[in-house]
Amino acid sequence: MLKPILTLLALALPSVALADDWAYEGGDVPIAYVDNAKAQFQFACRGGDLTVGFWVRAPHKQVAGASTMSMAITPDPAEGAKVSADAGSRFAQDMPLIHSDGASMIVRGPVARQWASIAQRARTTIQLSYVRTARKGGLDVFDSNRFGAGGSSAAIQKVLDKCG
C-alpha cells in the first residue's frame, strides 16, 4: 500500500518543480512565457518587434484604477529585498496599462531587448512589479510576482532568433 503512494508522490514532485519553467510556442507569433497562476510574464515577436508583457489576473485596486504605471524587473532578488535600483531592479517608466480580464502592460523597443537580456541572465528567480513614485519619495510597489528562471535563456533566445 505504501509503495503506490510513494510512487505517485515521486511522479508528482517533478511536475511541481517544473511549474515555473519557461515555455516556448512557435507559429505566427513566437512567444516565450512563464506563468505562476497569478500572473504571466512573456516575450513575443509581434509584427517583427520584440515585446515584453506582464499580465496580472487580479490586480491591486491601485493598478486596476490606473491608466499608466511603471514596471520593475529584478533578477534573482535577495530574500526580503525591496524593489529598488540598489537591489538591481530595472524600470520601464510610465507605461500605459491595459485592463481586460486583469491588468497588463506591454513594453517594446530597446527596453524589451534590455529586459530579454536581464531575464536570460537570471539564475533562479525573476521578479516583476508594478511601481509608482510614492508621495513621500521612494516607491509604491503593487502586484509583485516572482517567476522561476528555469529555461528562460533558451526560450527567450528562440523568440529573439525570430524577431531579428
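1. The protein chain has an average pLDDT of 87, and 87% of its residues score at least 70. pLDDT is the predictor's confidence in each residue, on a scale from 0 to 100. This is a predicted model: local features need pLDDT of at least 70, side-chain atom pairs count only at pLDDT 80 or more, and totals for chains, interfaces and linings use all residues. Residues are numbered from 1 along each chain as its sequence is written, and side-chain values use heavy atoms, with hydrogens and water left out.

2. Where should you read with care? Confidence is lowest in helix α1 (residues 2–17), at a mean of 38, and highest in β2, at 97. Over residues 1–19 the pLDDT is below 50, and beyond near neighbours in sequence this stretch has one contact in the model. Contact means heavy atoms within 4.5 Å. Where pLDDT is low, the predicted coordinates should not be read in detail. Helices (H or I, at least four residues) and strands (E, at least two) are DSSP runs, numbered from the N terminus.

3. Now look at helix α4, residues 152–163. The expected span of a helix is 1.5 Å times one less than its number of residues. For the 12 residues of α4 that gives 16 Å, and the end C-alpha atoms are 16 Å apart, which agrees.

4. Which residues of α4 are buried? They are S152, A155, I156, V159, L160 and C163. Seen down the axis of α4, these buried residues fall within an arc of 140°, so they line one face of the helix. The arc is that of the directions from the helix axis to the C-beta atoms. An α-helix has 3.6 residues a turn, so residues three or four places apart point the same way. Buried means under 20% relative accessible area, exposed over 50%, and partly exposed in between (1.4 Å probe, protein chains only).

5. The face of α4 turned away from the buried side carries exposed D161 and K162. The buried residues of α4 pack against β1 (23–25), β2 (31–35), β3 (39–46), β4 (49–56) and α3 (110–121).

6. The largest nonpolar core has 39 residues. Such a core is a set of buried Ala, Val, Leu, Ile, Met, Phe, Trp, Tyr and Cys residues joined through side-chain atoms within 4.5 Å. W22, F41, F43, W115, I126, L128 and Y130 have the most contacts inside it. Leaving aside neighbours within four places in sequence, L128 touches residues including F41, F54, W115 and F147.

7. S129 sits in strand β8 (residues 125–133). Its relative accessibility is 1%, so S129 counts as buried. The side chain of S129 makes a polar contact with the side chain of S144 (2.6 Å). A polar contact is a pair of N or O atoms within 3.5 Å; within protein, one must be able to donate a hydrogen and the other to accept it, and residues adjacent in sequence count only if both atoms are side-chain atoms.

8. R108 lies in strand β7 (residues 103–108). At 44% relative accessibility, R108 is partly exposed. R108 and D49 are 59 residues apart in sequence, yet 7.0 Å apart in space, C-alpha to C-alpha.

9. Check two backbone angles. A37, in the loop between β2 and β3, has a phi near 80°, a positive value in a residue other than glycine. D143, in strand β9 (residues 139–148), is not a glycine either, but has a positive phi of about 50°. Are they buried or exposed? A37 is exposed, at 59% relative accessible area; D143 is buried, at 17%.
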